[in-house]
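Subject: Structure for you to look at

Hello,

Here is the structure I said I would pass on. Please open it beside this email and follow the notes below as you read.

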Amino acid sequence: MQQQIVVIGSGFGGLSAAIRLAAKGHQVTLLEKRDKPGGRAYVYKTQGFTFDSGPTVITAPFMFDDIWQAAGKRREDYFELEPCKPYYRLFDAKGRHFEYGDDPAAILEEIKRWNPGDVEGYKKFMASTRAIFQKGFVELADQPFLHFTDMVRVAPDLIRMQSYLSTYRYVSRFIKHDFLRRCFSFHPLFIGGNPFDSSSIYAMVHYLEREWGVHHAMGGTGTIVAAMAKLFKEIGGKLELNAEASEIMVENGRTVGVRLVDGRIFKADTVVSNADVPYTYQKLIAPEHRKFNTDRRLLSKKYSMSLVVIYLGLNRRYDDHGLVQHNIIFGKRYKGLLNDIFNRRHLSRDFSLYLHRSSHADPSMAPAGGEAVYVLSPVPHLGARTDWSKAAKGYRNAIINFLEENYMPELSKHIVVEHMVDPRYYRDALNTHLGSGFSMQPLLTQSAWFRPHNRSEDIPNLYFVGAGTHPGAGLPGVLSSAIIAERLIGEA
């Protein structure tokens, strides 16, 4: 039967699920608490500058093509993707860099420049990631893990692929140079994980990047959000903005709709939540309807780090200072810093940074002669004792001073626009538990069947998409969760 489906949250998970379900013939209403769609991919525009607040790297572009094909349209008619050249430039604490891109021969030359002895190890590493990619992404990413037997079925493969090793330990089996180990193990940080704890299955990201490349959207990631919202409405979907959910209504063990903060009620045969999983259960569903997903169970999980992000609109460019579009700047410490962030929950004086110059490859992101930049620093979530009302200004100043002294001379003089977010933003604007940036950590013990299920164990017509459910954070994972929800709900 055709169902009335309500989707809570318009991040990439919610948007893609809403489009897929509307394309299947259901009546779909998408609720967004903010003034425009996007969720973590919210866009700020001011004085000619455009800032993407969410993902900036597109690693599986075909997944967007699939969404448009499901709706009978062509993605190319809505937004343009361009390859990033190079993918990243990674800097050590002394400012020397390793350039990583789409040319395998060039990568080998870069490795040789740092440590010739690691060339053969890298070849073996990349060869090993093919099998991990095939099993972890191609075969399992869009499959639901609703029963323990689903986990038992794949356990032999996970053991054979040594998924019990951390990403860093796995990389270290092949790569000996300390800095190169950092360069090939940092990827779990992009999905909220500690490379020293996250399963080695995330080493498959290297193969995924090699398979389809690294892309960016012209006009910013926000153009993808706008295109998805347009597509959703074109195929009959209804998008409600400034519509914050206050309750998932439950009768006789099943959800019957969603009540908003303003009192409006949207009746539903099925509800899909793109809100953070702990928030959905703890804030939107009364405890008497949650026999499995209790507060105690949710609080026992380990959550990702949070983020500080500083958005800068500049009246000059830094093209001649060794910076490309995607720059990763490692501090002196690696394991120690990550231990402070994830385990000690201590705000360190040092930091590592991701510096994104969106206008490097897309001048439309800034006024002529200017730059739109964002600099991101991983920090502990709000389970730490940091008082951000006091710490934010000093942390901001330390980052700006560091960039000014090492990468972007006279930066302070050229700031026209500035906006900063810290863990409080993720808690208050995005409703994430403890202000985490990526929901639950991607540990082996919090993956697949061990991760919150795509269909609720408590309410059988409640489904989850997004970073907090299987398969996890990152655009490929979030888009895969929408495929799972679509298949579980079925056609009209």
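This is a predicted model: local features need pLDDT of at least 70, side-chain atom pairs count only at pLDDT 80 or more; totals for chains, interfaces and linings use all residues.

**The largest pocket**

Helix 9 contributes the most to the lining of the largest pocket, giving five residues.

Residues are numbered from 1 along each chain as its sequence is written, and side-chain values use heavy atoms, with hydrogens and water left out.

A pocket is found on a 1 Å grid over the protein atoms alone, as an open set of points with protein on both sides within 12 Å along at least five of seven lines; a cavity is a set of points where a 1.4 Å probe fits but cannot get out; lining residues have an atom within 4 Å of a point. Grid points are joined across faces, edges and corners, and a volume is the space filled by probe spheres set on the points.

The volume of the largest pocket is about 180 Å³. Two or more lining residues come from each of strand 3 (43-46), strand 4 (49-52) and helix 9 (222-234). The lining has 13 residues, and those nearest the centre of the pocket are Val 43, Gly 222, Thr 223, Val 225 and Ala 226. By type, the lining has five nonpolar, five polar and three charged residues. In this count Ala, Val, Leu, Ile, Met, Phe, Trp, Tyr, Cys and Pro are nonpolar, Asp, Glu, Lys and Arg are charged, and the others, Gly among them, are polar.

**Cavities**

How many cavities of 30 Å³ or more does the structure hold? There are five. The second largest cavity has about 70 Å³ of space. Its lining includes Asp 52, His 216, Gln 325, His 356 and Met 365. That lining divides into two nonpolar, seven polar and two charged residues.

**Strands**

Strands of a sheet pair through backbone hydrogen bonds, either parallel or antiparallel. Two strands are taken as paired if DSSP finds at least two bridges between them.

Six bridges join strand 10 to strand 11 (residues 254-260) in the antiparallel sense. Ala 245 has Leu 260 in strand 11 as its bridge partner.

With strand 16, strand 15 is antiparallel over four bridges, and His 326 is opposite His 356 of strand 16.

Are the residues on the two faces of strand 15 buried or exposed? His 326 and Ile 328 on one side, and Asn 327 and Ile 329 on the other, are all buried. Buried means under 20% relative accessible area, exposed over 50%, and partly exposed in between (1.4 Å probe, protein chains only).

**Salt bridges**

A salt bridge is a side-chain nitrogen of Lys or Arg within 4 Å of a carboxyl oxygen of Asp or Glu. The whole structure has 28 of them.

- Asp 102 and Lys 85 meet at 3.0 Å, N to O. Asp 102 is in the loop between strand 7 (97-100) and helix 3 (104-114), and Lys 85 is in the loop between strand 5 (81-83) and strand 6 (88-91), 17 residues apart. Asp 102 is partly exposed at 43%, whereas Lys 85 is exposed at 60%.
- Asp 350 and Arg 333 meet at 2.9 Å, N to O. Asp 350 lies in the loop between helix 12 (335-344) and strand 16 (353-357) and Arg 333 in the loop between strand 15 (326-329) and helix 12, so this pair ties together parts 17 residues apart in sequence.
- Arg 20, Lys 24, Glu 486 and Glu 491 are linked in a network of salt bridges.

Regards
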